[in-house]
Amino acid sequence: MTVGITGPRRRAPWRGAVMVLIIAGIVLSICLMLLGLTGDFLVDWLWFSTIGYLGVFWTTIAAEAEVFSAVFVATAIILWVNGSIAFRFGRSPWTYRPADFEWKRTGIAALPDVLEFMRHRLPWPFVTAAGASLLAVLVAWGEVHNWGIFLRFLYHVPYGANDPLYDKDIGFYLFALPAYVVIKNWMLVTLLLSALFAGAIYWVHGHIEYDAQRWSMSPTAIAHGSVLLGFFFVVKAWSYGLDRYLLLYNDNGVVVGASYTDIHVELPVLWLLIGLSIVAAFVSWANFRVRGYRLPAAAALLVFGCSFVLSGVVPALFQRLFVKPDELQREKSYIERNIALTQQAYNLHHITAKPFPAEQDLTFETLEANKATIDNIRLWDWQPLIDTYSQLQEIRTYYKFHDVDVDRYWLDGAYQSVMLSARELRSSLLPPNAQTWVNRHVLFTHGNGVVMSPVTRKSTEGLPLFYLRDIPLRLALQRREPAALELYHRRQPDHDPPQHPGTCAHHRPIPAPRPRPLSGDQRRAAVLDARRLYDERLFSLCAAGARPESQLHPQFGEGRRRRL
């Protein structure tokens with residue numbers, strides 16, 4: 001008789017290397033995230049301290065920390081309670097195998113074996129707490145950007161005027177309603193995550209089974225899900241209540257605000273949905289004893305089916321069949337209300353209308369007395385003028401004029417109205433063979449100069465009479481050359497990547513001064529004193545991750561005052 005003795009298999013050496021690479025990747029990702037957060041924090045701190053608003057910076061940080069902590073604690077507690085309940089009632093004896101069961105690796109483990117191993121070997125109290133904490137961190141991080149909404153809610157004051165529909169102070173819509181909407185959304189997300197979190201625990205412990213042929217849930221899992229579904233319908237009822245106030249934000253094409261259909265159809269429907277949601281909540285909670293599928297399915301069908309029909313189909317039919325044939329008459333009172341409130345918002349109701357009848361007694365003395373106005377009557381239209389600018393003054397294919405502005409300046413001792421446009425760079429318009437990394441990041445980094453012409457004059461050929469034109473810039477005025485001609489802030493972003501820091505390159509085709517790119521982020525559009533190499537590298541690192549239209553200063557290492 002032959003006896004074979006086998007020992008444990010040697011672990012393949014590549015598996016250890018794979019685990020090391022996975023762990024290293026996770027650690028590297030965490031370090032990069034922390035580096036980005038730290039860089040943003042330090043840059044903002046330097047910027048606020050430089051302009052003397054460090055108190056505002058710390059107020060922002062404190063508000064973000066408070067929002068994060070509050071959301072994290074509330075979410076973690078709710079998830080942990082649901083996970084603990086699922087673990088406590090999910091470990092029923094019928095889900096266990098014999099106590100001497102030992103998990104063995106046999107190539108590819110079957111899913112039931114993996115689940116069985118997880119039931120017995122995982123420290124479930126720790127897993128539940130860790131899973132709840134991880135999900136809570138993600139939820140809290142997503143709510144941090146709402147710190148401004150909560151600050152406005154906590155320190156709101158009455159506006160002093162009420163809306164005509166609900167007779168509520170307008171401050172409610174400015175300060176309180178946005179906070180209620182944020183809280184409502186957080187509650188819905190938390191309930192959804194609680195259901196998924198508890199469902200995962202029930203699934204591991206065998207209370208939820210699903211395969212290609214059938215799926216089933218234990219009465220315990222159904223009872224837990226019914227309770228969560230009831231709370232969901234309660235939050236949904238509150239959501240429908242908030243939607244009543246959000247009707248004032250509707251834009252129905254006629255006016256912005258509640259229309260005839262909103263008040264006569266949408267508003268009663270929302271009250272009905274509030275009642276149906278409350279009924280559905282009690283039906284779901286009643287299923288805690290019944291523990292079947294029919295009551296939760298009926299409650300969901302009641303709310304969502306009625307919401308689709310009553311809130312989607314009925315208002316559209318009412319608007320088309322009843323309002324459209326006589327829309328002006330039915331919407332008249334709401335249009336008048338919109339006009340009155342708009343005038344009140346812009347303080348236009350204090351303007352006194354005075355008639356100015358046309359008179360035929362115009363004299364030379366009157367023209368001389370209003371010479372400044374007569375000499376600045378605009379004759380040029382901006383639409384054909386921008387086409388003329390583009391044909392005569394773009395100079396290169398990668399320069400474009402976005403629009404034409406009207407402004408007034410003291411020129412040659414006279415206050416004149418002029419039309420001007422900036423010559424912006426569009427590096428995406430470079431020829432295909434010039435779309436290289438060096439061209440897009442180093443050479444072609446900024447626009448060049450402006451074009452300016454008076455609003456009342458033209459040349460003998462019928463073209464604009466340019467005060468500023470060409471590259472290099474040529475002036476038709478008795479003024480000195482401008483100190484800087486480069487344009488790094490675009491009216492219409494080109495979505496180009498940020499420029500490469502630490503370079504010094506000029507536009508090769510056209511003589512131009514040394515480029516000094518500015519960041520497109522207005523939050524950092526300030527004058528900073530970057531004296532230390534640490535600050536310089538920090539600014540470069542953070543600006544590189546800014547929005548696509550951001551630019552970096554290629555001469556950041558000179559230690560002088562620069563604008564980011």
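**Close-up views of a predicted model**

**View 1. Here's the second largest pocket and the residues around it.** In this predicted model, 22 residues line the second largest pocket, and Asp163, Ile170, Leu248, Val256 and Leu341 are the ones nearest its centre. The volume of this pocket comes out at about 660 Å³. Two helices that each put at least two residues into the lining are α6 (170-204) and α10 (327-345). Of these, α10 brings 7 residues, the largest share of the lining.

View 2. Zoom in on valine 314, which sits in helix α9 (residues 294-323). Is valine 314 partly exposed or buried? Its relative accessibility is 31%, so valine 314 counts as partly exposed.

**View 3. This one shows strand β7 and its pairing with β5.** Strand β5 (residues 414-425) and β7 run antiparallel, with 5 bridges joining them. To pick out one of the contacts, find valine 418: its bridge partner in β7 is proline 454.

View 4. Buried here means under 20% relative accessible area.

How values were computed: Residues numbered from 1 in each chain as written. Predicted model: local features only at pLDDT ≥ 70, side-chain atom pairs only at ≥ 80, totals over all residues. Heavy atoms only, no water. Helix = DSSP H or I, 4+ residues; strand = E, 2+ residues; numbered from the N terminus. Buried < 20%, exposed > 50% of the residue type's maximum accessible area, 1.4 Å probe, protein only. Pairing = 2+ DSSP bridges. 1 Å grid on protein atoms, 1.4 Å probe; cavity = no way out; pocket = protein on both sides within 12 Å on 5 of 7 lines; lining within 4 Å. Points joined across faces, edges and corners; volume = space filled by probe spheres on them.
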